[in-house]
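Here is a walk through one chain of a model and the side it turns to its partner. Start with the fold, then move to the contact side.

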Amino acid sequence: MQDLAQFVASGLTRGAIYALVGAGFAIIYSASNVINFAQGEFVMLGGMVTAYLVVTTGLLPLVLAVPLAVLVTVLVGIALYRFAVAQVEPSRLATIIIITIGSSILIRGVVEVVLGKREFVYPAFTDTGPLHLFGAAIDVQSLWVLGTLVLVAIGLKLFFDHTLFGKAMRATAQSPMAAQLVGIDVRNVLVASFALSAALGALAGALVTPITLTRFDVGLMLGLKGFAATMLGGLGSAYGALAGGLLLGLAEALAGGYISSGYQDAVAFLLILGLLVLRPAGLFGRVKLERV
Amino acid sequence: MATTEPVVPNRAVTEPLTAFRPLPVGVPLARLAVLCLVLALAPLAFSNAFHYDVAVKIAVNAIVCVGLNLLVGYAGQISLGHAAFFALGAYGTALLPLRLGLPAIPAALLTAAVVGVFAALVARPILKLKGHYLAMATLGLGSIISIVLNREIGLTGGPDGLTVPALVIGGVKVRAIETWYVVVAVGVVVAVYLAENLIHSPSGRALRALHSSEIAASTSGIDVARGKARVFALSAVYASLAGSLFAWAERFVTPADASFLHSVEFLTMIVLGGLGSTYGALVGAGLLTALPQVFAGVAEYKNIAIGLVLILTMVFLPRGIVPTLTGLTARGRRRP
């Protein structure tokens with residue numbers, strides 16, 4: 001029981017990060033049909049820039065460093081769209097995959113040169129001791145991660161359902177051409193989708209670094225896991241991705257705890273392969289019929 | 001009045017993918033001759049073992065790319081997991097002799113056969129998927145194989161990699177890199193010949209047909225699922241055999257050979273060279289394999305350089321080098 005509680009707690013924390021990355025994937029995908037393989041680099045940037053500001057320079061307190069790191073990452077996200085993704089035909093899948101992976105290697109390379117190859121970490125947001133629940137010791141930073149996830153989920157719901165711009169993004173996701181006809185500036189929507197998912201990724205990175213540490217090369221695996229989370233929830237649904245991420249985190253933690261810690265990383269891919277074969281539209285997605 | 005004609009099965013369906021038919025005399029054969037000439041003359045430009053080593057790496061990657069191009073360029077599928085087949089070939093070639101005492105060459109062939117059967121089995125469910133879903137599935141498959149190679153330390157040596165025993169033929173160790181250059185160069189010619197052969201056959205046309213429209217292809221009698229499974233298996237065998245050659249020539253394999261980024265590298269090579277062009281696959285393999293060697297002196301900036309190259313080629317050469325060039329010359333010919 002104690003073990004189980006511990007695994008669930010760490011699974012939910014880990015899952016929250018996948019959820020935030022996955023939601024970013026879903027937001028960009030639904031706006032532009034682009035799978036952004038550089039999504040994991042946003043997480044890395046969020047953590048690395050915060051660490052640089054707080055630890056290396058010692059200039060800023062966390063309260064200021066985190067928003068600034070998110071802002072930097074958002075700018076990188078916009079640049080990624082503007083200078084790479086917007087320059088190619090979105091229907092060419094291989095081209096999109098290569099250009100977003102190229103961008104992720106470039107981002108990684110720049111961070112490697114500027115900030116170095118070593119691991120970075122900074123203290124938790126609040127320094128109270130671990131919380132004891134059902135015999136499990138829960139890191140307070142985990143509560144920050146989960147709390148933020150809840151706030152993000154509510155925020156996304158409000159944004160997409162109750163703001164004009166959010167509705168414009170949903171309209172573009174449905175049909176870019178129809179959206180354009182009713183006067184929505186689709187290009188702005190695309191820029192916004194990259195900015196928003198960069199912000200989500202950076203937030204995830206800033207939140208999780210006190211728990212997991214960060215390095216210039218953590219983005220790749222996080223990106224792949226986030227992609228799997230999105231697929232689990234049904235490609236293109238931000239809420240589905242949030243659920244998929246949590247599920248994936250739980251599955252990894254339980255498999256890691258009870259079956260084999262060495263194969264923890266394989267869980268995401270096994271789940272996704274099984275799902276794709278049995279239920280290709282994702283757990284919560286609906287099958288799209290192909291018209292001839 | 002109605003005459004019932006005997007049902008003739010479509011040849012594309014019945015013929016095996018590798019059915020031998022001599023390449024038509026003409027442009028395809030002339031291209032192959034040029035390739036042989038280039039491979040034969042290239043050593044004139046090599047002055048040391050390092051040059052040979054790079055050339056061997058290029059040739060090995062070229063074999064993978066020629067196979068992958070059949071799947072991606074011709075049949076219009078995508079794979080983000082082919083490095084795993086490459087690595088399976090390399091590890092099989094290293095491990096079967098080490099652990100089971102099998103002779104090396106049968107070990108390589110057995111590995112290729114097993115990889116081919118495995119690929120054909122997984123291809124059926126996976127290749128039903130399209131686009132991003134297919135990308136995710138192949139990525140997942142490749143990642144699982146890569147994780148297994150990393151974790152089964154007792155068997156594979158884990159992340160540190162594995163030293164491959166030298167190939168011994170008739171009691172003689174085949175070690176010199178110059179010898180391996182000859183072997184892999186022959187390998188490239190055979191790979192290109194078989195691929196071009198396939199492309200100019202009914203099966204090849206069937207692949208192109210299912211690329212443009214699966215529904216149209218199946219209404220004209222092409223077994224789409226089977227065609228896709230066969231070309232997936234064929235490209236996996238190409239990758240596996242290239243992996244075997246790589247293991248013998250380089251004498252060292254690591255799980256990084258199976259990594260996602262390595263799969264992306266192969267995909268980038270064929271896109272850079274030009275999807276659907278066998279010779280484009282060779283050009284792409286050559287350029288992208290040589291590139292990191294150029295940046296070897298400034299290793300610190302390697303990632304930046306590679307990232308930039310990937311972005312810039314996608315922006316400025318989205319169709320790839322060879323189709324762009326042949327497009328230019330074709331236009332020049334039309335407008336004298």
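**Chain B, from fold to contact side**

Within chain B, 78% of the contacts with a separation of 6 or more join residues 24 or more positions apart. Two residues are in contact if their C-beta atoms, placed from the backbone, lie within 7 Å. This is a predicted model: local features need pLDDT of at least 70, side-chain atom pairs count only at pLDDT 80 or more, and totals for chains, interfaces and linings use all residues. Residues are numbered from 1 along each chain as its sequence is written, while chains are lettered from A and ligands numbered from 1 in the order in which they are written.

Chain B has 15 helices and four strands. These are DSSP runs (helices H or I, at least four residues; strands E, at least two), numbered from the N terminus. Of its 336 residues, 49% are buried, meaning that 20 or more other C-beta atoms, placed from the backbone, lie within 10 Å of the residue's own.

Now turn to chain A. Here 36 residues of chain B contact 38 residues of chain A. On the chain B side, α6 (131-151), α12 (260-273) and α14 (302-316) each supply at least two residues. The most come from α6(B), with 13 residues.

Notes. Buried ≥ 20, exposed ≤ 12 C-beta atoms within 10 Å, placed from the backbone.
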